[in-house]
Number of protein chains: 2
Amino acid sequence: MAAEMRLDMVRNNWVVIATDRAMRPHDFPVSRSGGPGIDSGQFCPFCEGNEAHTPREVTACRQDGGEANTPGWKVRIVPNKYSPFRLEGDLSCSELFTQSSCKTLGQHEVLVESPEHQAQLHRLPREHIKLILNMMRERYQALAADPRVKYIQIYKNRGLFAGASLAHSHSQILALPVVPRENQGISDYHRRTGSCLLCEMIAQEREEGLRVIREMDHFLLLCPYASRFSYESWVIPKRHTAHFGDLNREETDELAFIIRDYLSAVLDSLADPSYNIVINTAPVNVPTDSGYHWYMEVIPRLIVTAGVEYATGFYMNPVAPEIAADLFRRHLEQSGGQSEQTR
Amino acid sequence: MAAEMRLDMVRNNWVVIATDRAMRPHDFPVSRSGGPGIDSGQFCPFCEGNEAHTPREVTACRQDGGEANTPGWKVRIVPNKYSPFRLEGDLSCSELFTQSSCKTLGQHEVLVESPEHQAQLHRLPREHIKLILNMMRERYQALAADPRVKYIQIYKNRGLFAGASLAHSHSQILALPVVPRENQGISDYHRRTGSCLLCEMIAQEREEGLRVIREMDHFLLLCPYASRFSYESWVIPKRHTAHFGDLNREETDELAFIIRDYLSAVLDSLADPSYNIVINTAPVNVPTDSGYHWYMEVIPRLIVTAGVEYATGFYMNPVAPEIAADLFRRHLEQSGGQSEQTR
């Protein structure tokens, strides 16, 4: 097998990538063992009519009015019932030799994407997806205004192999009191070179074309050079902008389009796998010229992360991003006419 | 739910730990969805008699003599057929703007732990486990002698949810041409304080007693303060020693005992989950006074790593290590008489 190690400059670690062949979707053991199948038979607290079974809502979109915590909503945000994060008091920390701890100061919210149990994000009408994105952006901005919040992670787990515990389509918003070290490579690069890593990536990928899936007015879709996960792709705003909360109206429109049409193409071409979406953004309160540049990762969960990844942080990826990009390009082309019509 | 954030000082990141309750083994969705079950019906290249179906062996233990690549072995090490790592030539690297890559210079070996398909590591006789550990140590030392090798990762994946693709019990040895950043917290701590993080942890944990599972002559068994995974435990040599390759005879004897009796207790008490074992060790060629201290992690795979962990590196652990340690202590006590007899 031909392969090479590639440096993941966002995570500051190496990825081992097979460069000459690709495991096809049905070659993956996890994919064969079941897709998003989570027991849907059990009672669902996210369904319309069951509002009393969640904590009281943070906000909801009710186009026909109606009271909070009653039916009639399109998108609903509630505190995550099982999360320990609370935005109360100050961040108290303690340290004793090798043991440092802090209070779980923060906020953890669930965005229920639809009142309907069977709905799936990429099958919702584009206007509905815009509503979801607008509410995410509003919550991002509201949480970012709290000086105790240092980082906001927006993410989605879909399916058992992506860590979801409920089938009803939802995303999560987690406001944290500390900055995770995970995307530190972006600020390291900026400190070292004075440039934005993502802007440079965009320029280089556009030049080479190999890993670009599609270039749109406001976003570039690509499979990253050092993909940690097979068939991973990134949706990067072309405008240099640090925070997800800075998403503007034109970008929201286009991102809704991408989530519907591009995410459909990904999931169709991979036989409906479990997946994560994560939004990688700047720490709250860093200026836009800090070198951060937000982007969205779409991660199909085809392989179980194994011992070597946990121990070393080295991911082993049996699918070259060039091959993944080619697959997604072809799927998008096939559905292209349809997309343009509905655009 | 009461919880706190704890700093994982080895990985330099935060873990969110529920402190007042524990998910019990049968509460985990993955555990309910199947344990180590990998299709055993298919042809197994690791079984005795099938030697021709692996790459030619690196070494094997044949107590009654016999030729290489024929039956009659007890433990057998072969190159990993599907790995791209080869210990040939020099490490050639290239860099072009945001893209850095290196050749997959290294060696990736599979240690087949028994000729029998149904054997499981923790059920093997203690003498057999000693044989395995001795062969691991010998391979570690042999690979470490090559100046191109910078880090050696020994690990084991058992079961579908731990990333294993074959049911036949085996471990893996991966010699890498670069040092992963994952356990960098250990050297950071040494640079900052002049002390060994693991030695200080041992002292503090022994003092507090809360997370200690058992103290033996040469090893301390504990659930780490900032456990990333539910029911994770560490086996730490009490002697300050940087490299796994420095394991001496008395330590090997005791470690074989631990693997059999302690690992059995872990797997019994968690209803036979998938698991990883990883050996965290110093980069090759760093001196023993560098502040590194090798140890073994036992990671039951009860929860699927989700979007938030991949995005932020923050692990969410619903089981306090104090509760996990208590469970393991009780299980070891129950099987204690038996263990002492066979010791």
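1. Which residues in α5(B) meet which residues in α7(B)? This is a predicted model, and in it B:Y262, B:A265, B:V266, B:D268 and B:S269 are the residues on the α5(B) side. Their partners in α7(B) are B:L327, B:F328, B:H331 and B:L332. Sorted by class, the contact of α5(B) with α7(B) comprises six nonpolar, two polar and one charged residues.

2. The geometry of this helix pair is as follows. Helix α5 of chain B covers residues 249-269, and helix α7 of chain B covers residues 321-334. They pack at an angle of about 115°, and their axes are 9 Å apart. The crossing of α5(B) past α7(B) is right-handed.

3. The same surface serves both copies, since 100% of the contact residues of chain B recur in chain A.

4. The contact between the chains draws 59 residues from chain B and 59 residues from chain A. On the side of chain B that touches chain A, the elements that each supply at least two residues include the strands β1 (3-8), β2 (13-18), β6 (99-103), β8 (151-158) and β13 (275-280) of chain B. The helices α4 (197-208) and α6 (307-312) of chain B each supply at least two residues as well. By class, this side of chain B has 33 nonpolar, 19 polar and seven charged residues.

5. The largest nonpolar core has 208 residues. Which residues have the most contacts inside it? They are A:L111, A:I152, B:L111 and B:I152. Leaving out residues up to four places away in sequence, A:I152 touches A:Y140, A:L143, A:A144, A:I173, A:A175, A:T281 and A:V284. As a general matter, nonpolar side chains in soluble globular proteins tend to be buried together.

6. A:G106 is placed in the loop between β6 (99-103) and β7 (107-112) of chain A. Is A:G106 buried or exposed? A:G106 counts as buried because it has 28 C-beta neighbours inside 10 Å. Neighbours within four places in sequence aside, A:G106 is in contact with A:F85, A:L87, A:V149, A:L174, A:A175, A:L176 and A:P177. From A:G106 to A:R192 the C-alpha distance is 32 Å, at a sequence separation of 86 residues.

7. Two residues with positive phi may be worth a look. A:Y231 is not a glycine, yet its phi is positive, about 65°. A:Y231 sits in the loop between β11 (219-222) and β12 (233-237) of chain A, and is buried, with 28 other C-beta atoms within 10 Å.

8. The other is A:N285, also not a glycine, with a positive phi of about 75°. A:N285 lies in the loop between β13 (275-280) and β14 (295-300) of chain A. With 13 other C-beta atoms within 10 Å, A:N285 is partly exposed. Its C-alpha atom is separated by 25 Å from that of A:V78, 207 residues apart along the chain.

Notes:
Residues numbered from 1 in each chain as written. Chains lettered and ligands numbered in written order. Predicted model: local features only at pLDDT ≥ 70, side-chain atom pairs only at ≥ 80, totals over all residues. Contact = placed C-beta atoms within 7 Å. Core = buried A, V, L, I, M, F, W, Y, C linked by C-beta atoms within 7 Å. Buried ≥ 20, exposed ≤ 12 C-beta atoms within 10 Å, placed from the backbone. Axes fitted to C-alpha atoms, helices over the stretch in contact; angles between N-to-C directions. Helix = DSSP H or I, 4+ residues; strand = E, 2+ residues; numbered from the N terminus. Left-handed = near helix turned anticlockwise from the far one by under 90°. Nonpolar A, V, L, I, M, F, W, Y, C, P; charged D, E, K, R; others polar.
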